[in-house]
Amino acid sequence: MLKILYDIREKKPYKFAEIKELEPDATFSVAMRSLSTGDYTAEGLEEIAVIERKSPRDFLNTLTQAQDRFMREFRRMNGMPFAAIVVETRLEALAQGSGNTALHLQKAVAEDGFFAKMLLMRILFPNIRWYFAASRAAAEFYTYKQLNYWYKKTYEKQNVHV
């Protein structure tokens with residue numbers, strides 16, 4: 001059975017409660033662990049599939065102020081079969097500076113070269129997928145679907161369970 005793991009440093013972890021409503025046959029559990037890479041993975045997939053969750057503000061801060069730490073994380077993630085950055089907003093919303101990110105984004109684009117840094121990260125780390133979700137709920141669903149896919153691909157085809 002799929003056991004979704006989230007990092008102990010995750011401040012607002014997904015609960016995956018709505019997944020049961022959307023997919024009534026889904027069987028999984030959720031547990032907190034200390035993860036060396038990413039915010040989410042599944043038991044047994046720690047070196048195979050990881051997802052780094054970012055709120056809009058955290059994403060902006062990461063690319064403009066905490067870039068060194070993020071680069072180390074990206075290096076680890078880039079060597080994995082599946083790694084994704086899941087941002088809990090649409091890219092268009094970031095570009096428009098909607099909501100509480102407006103002032104921060106204006107500074108990031110004007111002074112910190114936010115979009116240039118984002119493009120550079122995508123070039124330097126081509127194996128990492130980027131997903132800009134329409135909402136936190138959409139990001140949570142994407143996280144579940146990816147981890148479920150990789151769990152099935154890794155274990156159920158081999159008829160092995162962790």
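Reader: Hi! Leaving aside its neighbours within four places in sequence, which residues is Glu 88 in contact with?
Author: With those neighbours within four places set aside, Glu 88 is in contact with Tyr 14, Arg 53, Lys 54, Ser 55, Pro 56, Ala 133, Arg 136 and Ala 139; contact means heavy atoms within 4.5 Å. This is a predicted model, where local features need pLDDT of at least 70, side-chain atom pairs count only at pLDDT 80 or more, and totals for chains, interfaces and linings use all residues. Residues are numbered from 1 along each chain as its sequence is written, and side-chain values use heavy atoms, leaving out hydrogens and water.

Reader: Is Glu 88 buried or exposed?
Author: Glu 88 counts as buried because its relative accessibility is 12%. The classes are buried under 20% relative accessible area, exposed over 50% and partly exposed in between, using a 1.4 Å probe and protein chains only.

Reader: Where does Glu 88 sit, then? And which side chain does a polar contact join to that of Glu 88?
Author: Glu 88 is in the loop between β5 (82-87) and α4 (91-96). Its side chain has a polar contact of 3.2 Å with that of Arg 53. A polar contact is a pair of N or O atoms within 3.5 Å; within protein, one must be able to donate a hydrogen and the other to accept it, and residues adjacent in sequence count only if both atoms are side-chain atoms.

Reader: Stepping back, how many helices and strands does the chain have?
Author: There are seven helices and six strands, taken as DSSP runs numbered from the N terminus (helices H or I, at least four residues; strands E, at least two). Along the sequence the order is β-α-β-β-β-α-α-β-α-α-α-β-α. Of the 162 residues in the chain, 48% are buried.

Reader: Which residues touch the most other members of the largest nonpolar core?
Author: Those are Ile 4, Phe 16, Phe 28, Tyr 40 and Tyr 144, out of 24 residues in that core. A nonpolar core is a set of buried Ala, Val, Leu, Ile, Met, Phe, Trp, Tyr and Cys residues joined through side-chain atoms within 4.5 Å. Helix α7 provides the largest share of this core, seven residues. Another core, of 20 residues, lies apart from it and includes Val 50, Met 71, Leu 94 and Phe 132.

Reader: New topic: how much space lies in the largest pocket?
Author: About 470 Å³, the volume being the space filled by probe spheres set on grid points joined across faces, edges and corners. On a 1 Å grid over the protein atoms alone, where a 1.4 Å probe fits but cannot get out is a cavity, while a pocket is an open set of points with protein on both sides within 12 Å along at least five of seven lines; lining residues have an atom within 4 Å of a point.

Reader: Which residues lie nearest its centre?
Author: Of the 21 lining residues, Arg 9, Glu 10, Asp 39, Lys 54 and Asp 58 do. Helix α3 gives the most to the lining, four residues.

Reader: Nice. What about Arg 76, where is that found?
Author: Arg 76 is in helix α3. Arg 76 is partly exposed, at 39% relative accessible area. A polar contact of 2.9 Å joins its side chain to that of Thr 37.

Reader: Last one: is Thr 27 buried or exposed?
Author: Thr 27 counts as exposed, since its relative accessibility is 52%. Thr 27 lies in the loop between α1 (17-22) and β2 (28-33).
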